Structures are given as C-alpha cells and as structure tokens.
Amino acid sequence: MLFLQEIKYRRTNFLLGLVGMVAAVTIVVLFFMMTAASQNETRRLTRDMGFNLKIIPDNTNMNDFWVAGYSNQTMPEEFVDKLVDAKSFYYAHLTATLHRKIEWRNTEVVLTGISPDELEPNGSTKSKMIFAVEPDKIYVGYEIADKHNIEEGDLLTVLGNEYEVERTLAETGSEDDIRVYFDLKELQSLLRMEGRINEIMALNCLCSTEGDDPLEQLRIQLGQVLPNTKVIMNRTVAVARERQRKMMDNYFAVLLPIILIACILWVGTFSMLNVFQRKTEIGIMRATGFGNWKIARLFFARALLTGLGGAFIGFFLATWLGMKYGPEIFKVTAHAVSPVYALLYKALIFAPIFAALAAFIPVVFAIKQDPAEVLKEA
C-alpha cells in the first residue's frame, strides 16, 4: 500500500506522530485510572472521618441529649429495616446502637451495643466503618483501660455478667474513651431491652445532594419513612466531606479538556509537518490525476494507523505506570488501583478517530493546494 511505503520512507515523522499519539492515550488512560483511584481514596478518607448522622427518637430532649451524648428515649430496632427497605436514600452504613450510662468500679462509663452489620438502603455491600463485637466479649475504651489497668484477655464483670476483653482501644480524645462496647443483642439482653435501640448511626453518602449542606433533604427523606424520628448531622464533617468530593470532581473536569487539547495540537502539528514535507509529491499526484479523496485517504490511513498503534502502546504503558506508582500515591486504597481493560477497547475506537480529527486540517490543506503553484515552487 502506498501509505505504508510513505511511512517507511518518512519513518522519523511517523514515529514522532506515533509518540504524540502514545502520549495522548497514555495520559488519558492514566488520567482515568488515577481519577478512579483518587475518587476511591477520597471516599475512603472522608468516610474514615466517622459517622456524621445520628437518627434518634423524635421525643428526645435535646438538652439531655447533648449533655449525655445519646438519647434517653428508645425506638424499635426494626426502624433500621424500614430505612433499608425504602431504597435510594442518601443514608449509608446504617448501624443500630444502644447506649446506657452506668457506675462501674466507682467510674462513670457508657455501655454501647453495636449491631454487627452496617446496612445500605440501596442493597449494596460496603466495608465496615466500625468494628463488630462478638457475643460474650467486650471492647474497652482507653480511659477505662488505663485507669483500671485492663488488658486484652482479662475477664470483667459488668452488671453481673462476665465478659472477656477482646480489645483495649487507642485514645481518641472523645467520649469514646469511656465506653465499653458490646454486641448489640448482648447489651439488649443484659439491659433487658430486647429489640430496642436509641440511635441509628449513619453516613451521608457522597452522592447526589445539591449544595454543601444536604440536611434538609435528609430530613425530608427520613420523615417519609420514620416520621417519629429526627436526624442530627455533624455539619463540620459532612460539609468537609462534600466539598472535598466536589473539589476533586471539578479538578478532573477542568484538567481533562486541557490534556486533550494539548494532545490534539501535538498530533496535528506532525500531520501538518508531513503535509509540508510532501508538498511536491502531492502536487505531482494531483497533476497526474489523483483525486481529492485518494490523496485524503493516504493521510487518513496514516492517521488511523497512528491511532491504533498509539492506543495499544499507550494503554499498556499507562497501565504499567499506574500499577507501579498508583499504590505509592493512594496508600489507603492501594489495592483498588488496577487495570481498566474497558479503556483499551475505548482507546482502540477513539484514538484512531482522535488522530483522524487531528489530521483533518492538514488533509484539507493538502487537497486544496494548486498543483501548478506547487510544481512551480519546486
């Protein structure tokens, strides 16, 4: 084929154009890999800020709530199931809890029962935000363990029942340091409060609410399903989480067009350079009867081959770079950095089109040249 002979003859120009196409595909594929990894990292880091929602009984005295740190009213545990069945809620990681403050060894402590499962209204499965406590075992907060010299494996008696200390927790600098954590069913049985809870911890999922403060929408949703409850939001954590997510989305939305424009200019420049190098050749072809389509086809075939080569090489180069350096950048979600093979198929489709578009103006310039003028200059 004539275009293959031309590539062989002007291999340097072709290779430079191929380098540009490889760079374009590599940058775009790496961009999407790192975007996905960054979004996972952002979700995980903001998730690790902790629960930012508390669903409590509507008749809670809020002054008592803020003093005690939990509601002294209870509600049915089945309320969690109603939220799950509602679907498409902005709530995530629904965790039923029961709290009760008692005097233990002349120390005021808070007994907290945690459900072993964190449920999702959309039915999805996500990694847990908080630990699960096995029946007959307890987790002891830092201040309690430190004050009473409690170590893991010790046996403690709480309200007449004996429990093994599964874990002593690190210092948090919050009221969690004076908590003793139980399995929810275990604490319900111990307090003779089967089927009752006084709080549902939740996370406002990083999704769809408009604006920085989704509390009004959350309250509307909750009122439709559980009208006898209210939702309390830690605004500082929630707003920081939402702003971080939107900042990352906006950052990538602005950066991608700039990358694509730079790449199309690179490829287009070498296509134009190829046209200038072949001006005399094009003039002769035009003078000997080659039509516009035949000449254009030579340049487009060259561009399509450049696009296909760039797609293959660029994808595997980007994947190698992403797998090598991604885990070092995104340490929390390093395991989630993986090849995105769907991008290979897209690259094989769009890279040749991209290369053809980059060559469009040079091709128009080539077929519009007057052969007489070109040969006169030669």
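Good morning. A residue counts as buried under 20% relative accessible area, as exposed over 50%, and as partly exposed in between. The model I am presenting is predicted.

By that definition F316, with a relative accessible area of 45%, is partly exposed. F316 belongs to a nonpolar patch on the surface, together with F312, I313, Y341 and Y345. The accessible area of these residues together is about 580 Å². Helix α10, residues 292–329, supplies the largest share of the patch, with 3 residues. Y345 lies in helix α11, residues 342–358, and is exposed because its relative accessible area is 57%.

Let me turn to the aromatic rings. A pair of rings is described by the distance of the centres and the angle of the planes. The structure holds 6 aromatic pairs. F131 and Y139 form a tilted pair, with 4.6 Å between centres and 40 degrees between the planes. Y139 is buried, at 5% relative accessibility. Ring pairs also link F131 and Y139 with Y181 into a cluster.

The largest nonpolar core has 40 residues, and Y91, F182 and I200 have the most contacts inside it. Strand β3, residues 91–104, gives the most to this core, with 6 residues. Apart from this core lies another, of 21 residues, including V25, L256, V267 and A318. Leaving aside neighbours within four places in sequence, F182 is in contact with residues including L111, I114, V133, Y163 and L190. Thank you.

Note on methods
Residues numbered from 1 in each chain as written. Predicted model: local features only at pLDDT ≥ 70, side-chain atom pairs only at ≥ 80, totals over all residues. Heavy atoms only, no water. Patch = residues over 30% accessible without salt bridge, like charges linked within 9 Å, V, L, I, M, F, W, Y side chains within 5 Å. Areas by Shrake-Rupley, 256 points an atom, 1.4 Å probe, with all protein chains shown as cover. Salt bridge = Lys/Arg side-chain N within 4 Å of Asp/Glu carboxyl O. Helix = DSSP H or I, 4+ residues; strand = E, 2+ residues; numbered from the N terminus. Buried < 20%, exposed > 50% of the residue type's maximum accessible area, 1.4 Å probe, protein only. Core = buried A, V, L, I, M, F, W, Y, C linked by side-chain atoms within 4.5 Å. Contact = heavy atoms within 4.5 Å. Phe/Tyr/Trp six-rings, centres within 6.5 Å; stacked < 30°, edge-to-face > 60°.
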